[in-house]
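Q: Could you walk me through this model, starting with how you count things and then going site by site?

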Amino acid sequence: MQMSEARFEHVLGVEQSAIALAKRYGCSVEKASIAALTHDYAKERSADEFRFIIENKGFDLNLLRWGNAIWHGLVGAYFVEHELGITDHDILEAIRLHTTGAPQMSLLSKIIYVADYIEPGRDFPGVEEARRLAVLDLNQAVAFETKQTLQYLIGKNVPIYPKTIETYNQWVAKHS
Ligand code: GDP
Ligand code: FE
Ligand code: FE
Ligand code: FE
């Protein structure tokens with residue numbers, strides 16, 4: 001696995017946070033560690049590599065209209081499975097969902113989604129509140145992160161991946 005020093009630090013930070021959350025919420029520490037260490041495995045792959053996998057390995061071709069931000073988890077899990085030989089479905093799902101979340105997430109997926117956001121190297125408005133919620137109530141932390149991320153993306157005028165909106169609808173939006 002090759003990656004920049006900054007990304008390596010990030011990955012180790014996610015592992016540290018994920019292990020703490022796994023202990024707090026009764027998840028497998030070993031799975032949390034493996035998922036954290038591999039969640040951004042594909043982040044530095046080229047667009048051509050992702051396009052090849054999407055086109056040839058049965059992915060939804062609508063993914064071709066997106067970019068690395070969406071591909072590195074959702075499609076990146078393919079590289080983790082086939083290059084690292086990790087077959088655990090729970091771990092692969094956590095990698096797939098770590099960027100966008102999903103309406104339904106396993107405990108491990110929530111832990112990786114939140115750990116990626118609150119790891120010690122993160123520094124952005126709201127991260128302290130996210131860290132506070134993460135130890136109090138993991139579901140509230142998922143909701144908070146989802147809302148913050150959507151607001152941040154809207155502020156940048158970037159396209160919102162539909163799954164990100166589904167996550168928001170499930171975890172944040174109240175319906176009557
Ligand atoms: P990282 O890989 O550790 O940097 O973190 P993530 O995997 O959580 O996010 C990767 C990038 O995708 C970040 O810049 C997010 O803001 C961005 N991102 C998350 N959801 C969406 C989305 O729905 N649309 C777009 N365009 N970007 C998103
Ligand atoms: Fe990521
Ligand atoms: Fe994230
Ligand atoms: Fe990450």
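Q: What counts as a salt bridge here?
A: A salt bridge is a side-chain nitrogen of Lys or Arg lying within 4 Å of a carboxyl oxygen of Asp or Glu. Please keep in mind throughout that this is a predicted model.

Q: How many salt bridges come out by this rule?
A: The count by this rule comes to 9 salt bridges. One of them joins Arg45 to Glu83, where the closest N and O atoms are 2.5 Å apart, and this pair links distant parts of the chain, since Arg45 sits in the loop between H2 and H3 while Glu83 belongs to helix H5 (residues 76–84), 38 residues apart.

Q: Which side chain does Asp48 meet in a salt bridge?
A: Asp48 meets Arg51, with an N to O distance of 3.1 Å. Both residues lie in helix H3 and are 3 residues apart, which is about one turn of the helix. With 57% relative accessibility Asp48 counts as exposed, whereas Arg51 is partly exposed at 34%.

Q: And what does Glu129 pair with?
A: Glu129 forms a salt bridge with Arg132, the closest N and O atoms being 3.0 Å apart. Because they are 3 residues apart in helix H8 (residues 127–136), about one helical turn separates Glu129 and Arg132. Glu129 is partly exposed at 29% relative accessibility, and Arg132 is also partly exposed, with a relative accessible area of 44%.

Q: Which residues are linked in a network of salt bridges?
A: Lys31, Asp88 and Asp90 are linked in such a network.

Q: Let's switch to the metals: what coordinates the iron ion (ligand 4)?
A: The iron ion (ligand 4) is coordinated at 2.2 Å by His10 through NE2, His39 through NE2, Asp40 through OD and Asp116 through OD. Along the sequence these donor residues follow the spacing H-x28-H-D-x75-D. His10 lies in helix H1 (residues 5–25) and Asp40 in the loop between helix H2 (29–38) and helix H3 (47–56), so this pair ties together parts that are 30 residues apart in sequence.

Q: Are His10 and Asp40 buried or exposed?
A: His10 counts as buried, at 10% relative accessibility, and Asp40 likewise counts as buried, at 7%.

Q: What does Asp40 bridge?
A: Asp40 bridges the iron ion (ligand 4) and the iron ion (ligand 2), and these two ions lie 3.5 Å apart.

Q: Which protein donors does the iron ion (ligand 2) have?
A: The protein donors of the iron ion (ligand 2) are Asp40 (OD), His72 (NE2) and His98 (NE2), at distances of 2.1 to 2.2 Å, and their spacing along the chain is D-x31-H-x25-H. Here Asp40, in the loop between H2 and H3, is paired with His98, in the loop between helix H6 (89–97) and H7, which links parts of the chain 58 residues apart. His98 is buried, its relative accessible area being 2%.

Q: How far apart are the iron ion (ligand 2) and the iron ion (ligand 3)?
A: The iron ion (ligand 2) and the iron ion (ligand 3) are 5.6 Å apart.

Q: What about the largest nonpolar core, which residues have the most contacts inside it?
A: The largest nonpolar core has 49 residues, and those with the most contacts inside it are Leu21, Leu63, Leu108 and Val114. Helix H7 (residues 107–118) gives the most to this core, contributing 8 residues. If neighbours within four places in sequence are left aside, Val114 is in contact with Leu21, Ala134, Leu138, Ala141, Val142 and Glu145.

Q: Last one: where is Asn157 found?
A: Asn157 is found in the loop between helix H9 (138–155) and helix H10 (162–171). The phi of Asn157 is near 55°, a positive value in a residue other than glycine, and Asn157 counts as exposed, at 71% relative accessibility.

Key:
Residues are numbered from 1 along each chain as its sequence is written. Chains are lettered from A and ligands numbered from 1 in the order in which they are written. This is a predicted model: local features need pLDDT of at least 70, side-chain atom pairs count only at pLDDT 80 or more; totals for chains, interfaces and linings use all residues. Side-chain values use heavy atoms; hydrogens and water are left out. Donors are N, O and S atoms within 2.8 Å of the metal (3.2 Å for Na, K and Ca); water is not among the atoms, so sites may look incomplete. Helices (H or I, at least four residues) and strands (E, at least two) are DSSP runs, numbered from the N terminus. Buried means under 20% relative accessible area, exposed over 50%, partly exposed in between (1.4 Å probe, protein chains only). A nonpolar core is a set of buried Ala, Val, Leu, Ile, Met, Phe, Trp, Tyr and Cys residues joined through side-chain atoms within 4.5 Å. Contact means heavy atoms within 4.5 Å.
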